[in-house]
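Visitor: Before we get into angles and pockets, could you put it up on screen?

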Amino acid sequence: MTTTEPPTRTGSGDPRAGGSREHHLSALFETVLTRGPLSRRDVARSTGLSPALVTKLVRPMLHHGYLVEQDPEGGVPGRPQIPLAIDPDRHYAVGLKLMNSEIVGVVVDLQAQVQSSHRLKFDDHSLAGGLAAIEETTRVLLDRCPVPDGRLLGVGIGLGGHVNGPAGVLHRSPFFDWREVPLRQLVSERLGLPVVIENDVNTLAVAEQWFGAGSAFPSFLVVTVGTGIGCALVLDGRLWHGASGIAGEFGHVIVAPDGPECHCGKRGCLESVAGDEAIVRAVADAGGPRITRVSQVATLAHAGDPVARRAFTQAGAALGRAIATLLNLVNPPLLILSGEGLAASDLFIDALREEVERSAFSTAARDCTLLVRPQPDENWARGAAATMLRHGVLSSLRTLTDAAAG
Ligand SMILES: [Zn+2]
């Protein structure tokens, strides 16, 4: 496994190029969004679509204002190439990262550039309390960044737990005692706006896919470490949800059947062996000082305490073994490691890498670039907003498709 800068995209075309007109429009839009401004010829090259088809698809997108033409470039004898770009003012979206006692929110334009942001602390963990906090954050954000009528696509919400994004249902959350909640509908009714909900690691993956290291790759994984351990899978350009949104529940893969009890009710989940709690517990089990927070273990480890250092290297090794399994299953060219646990990455990353190299099959480790990327909460919220943008834009493009077919 290498740890260099993000490599550039290799190979030609985009697998999304195959399929319906809607998929073609979507691939075209995302290509211009993530790599634009691009000429029609470069869009054709990047998407694998024919130049004639690109010209045909671009026409309604220009007409409806999703794309704009910039001043022509010179350089090509004969016909100048006109760069196509996204019109950032065409649409806006709100994105929220819902955490234990805090919401971080942003408003973004259609290029997912942050226009305003806000943090709100809240104590009421009831569903009513959560809904009120979501409403309050959204109101403050839109007060600070008024969006013209008809241009706000809606609100994207990312939160931890078993979230069935396509169905709009929160099945369970580690932070709240909310079970089987139709959260999308409840928030949408309360705000009077379209809403999408998504597992928070998935929103981070969308952020990476649209404006991060993942934009150069059709397939990649995001693994987050910290209190919880999560994973998101982007496969051939699509965020993979599985049958009910459980895809990527990496933290609850059982790696030690006789291991410690996990908050999910099972024993020996990766999260209970390599998450923050496990690191704190390892110090207590070894007779170390009574401490409660992983940051305290990190302080001890940085001061040279061998018990604290071992707690981190054991967690890193367990995580590395589990990541090797992911590499064997998916064989991704890129794995992005993120999450608040990276604050102490210097204490476990070498152990993690060694174990990945040792455990992965054949060339799976060598084939994969491991990027260590701490991300501020605002970027998770930005990913939630991008999830809403994608949903809203694809719905609009579907309308264009229907109009063209009718
Ligand atoms: Zn578990």
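Predicted model: local features only at pLDDT ≥ 70, side-chain atom pairs only at ≥ 80, totals over all residues.

Visitor: Leaving aside its neighbours within four places in sequence, which residues is Asn 202 in contact with?
Guide: Contact means heavy atoms within 4.5 Å. Once residues within four places in sequence are set aside, Asn 202 touches Cys 231, Ala 232, Leu 239 and His 241.

Visitor: How many residues apart in sequence are Ser 26 and Val 393?
Guide: Ser 26 is in helix α1 (residues 21-35) and is buried at 10% relative accessibility. Not counting residues up to four places away in sequence, Ser 26 touches Leu 394 and Leu 397. In space, the C-alpha atoms of Ser 26 and Val 393 are 8.5 Å apart, while in sequence the separation is 367 residues.

Visitor: What arrangement do the four donor atoms around the zinc ion have?
Guide: Donors are N, O and S atoms within 2.8 Å of the metal (3.2 Å for Na, K and Ca), and sites may look incomplete because water is not among the atoms. Here the protein donors are His 252 (ND1), Cys 262 (SG), Cys 264 (SG) and Cys 269 (SG), lying 2.0 to 2.3 Å from the zinc ion. Four donors count as tetrahedral if all angles lie between 85 and 135 degrees. The angles in this site are 105 to 119 degrees, which makes the arrangement tetrahedral.

Visitor: What spacing do the donors of the zinc ion follow along the chain?
Guide: His 252 is partly exposed, with a relative accessible area of 24%, whereas Cys 269 is buried at 0%. Going along the chain, the donors of the zinc ion follow H-x9-C-x1-C-x4-C.

Visitor: What is the volume of the largest pocket?
Guide: On a 1 Å grid over the protein atoms alone, a pocket is an open set of points where a 1.4 Å probe fits, with protein on both sides within 12 Å along at least five of seven lines; lining residues have an atom within 4 Å of a point. The largest pocket is lined by 45 residues, with Pro 174, Phe 175, Thr 227, Gly 228 and Glu 271 nearest its centre. α6, β11 (230-235), α7, α8 and α12 (377-405) are the elements that each give two or more residues to the lining. Grid points are joined across faces, edges and corners and a volume is the space filled by probe spheres set on the points, which gives the largest pocket about 1200 Å³.

Visitor: Which elements do the buried residues of α8 pack against?
Guide: The buried residues of helix α8 (residues 276-285) are Asp 276, Ala 278, Ile 279, Val 280 and Val 283. They pack against α7 (270-274), α9 (294-302) and α10 (306-330).

Visitor: What is omega for the cis peptide bond between Gly 36 and Pro 37?
Guide: Most residues other than glycine have a negative phi, and most peptide bonds are trans. Pro 37 sits in the loop between α1 and α2 (40-47). For the cis bond joining Gly 36 and Pro 37, omega is about -5 degrees.

Visitor: And what is phi of Glu 180?
Guide: Glu 180 is in the loop between β8 (169-172) and α5 (183-191) and counts as exposed at 52% relative accessibility. Glu 180 is not a glycine, yet its phi is positive, near 50 degrees.

Definitions and conventions: Residues numbered from 1 in each chain as written. Heavy atoms only, no water. Buried < 20%, exposed > 50% of the residue type's maximum accessible area, 1.4 Å probe, protein only. Helix = DSSP H or I, 4+ residues; strand = E, 2+ residues; numbered from the N terminus. Tetrahedral: all angles 85-135°; square planar, octahedral: opposite > 155°, others 65-115°.
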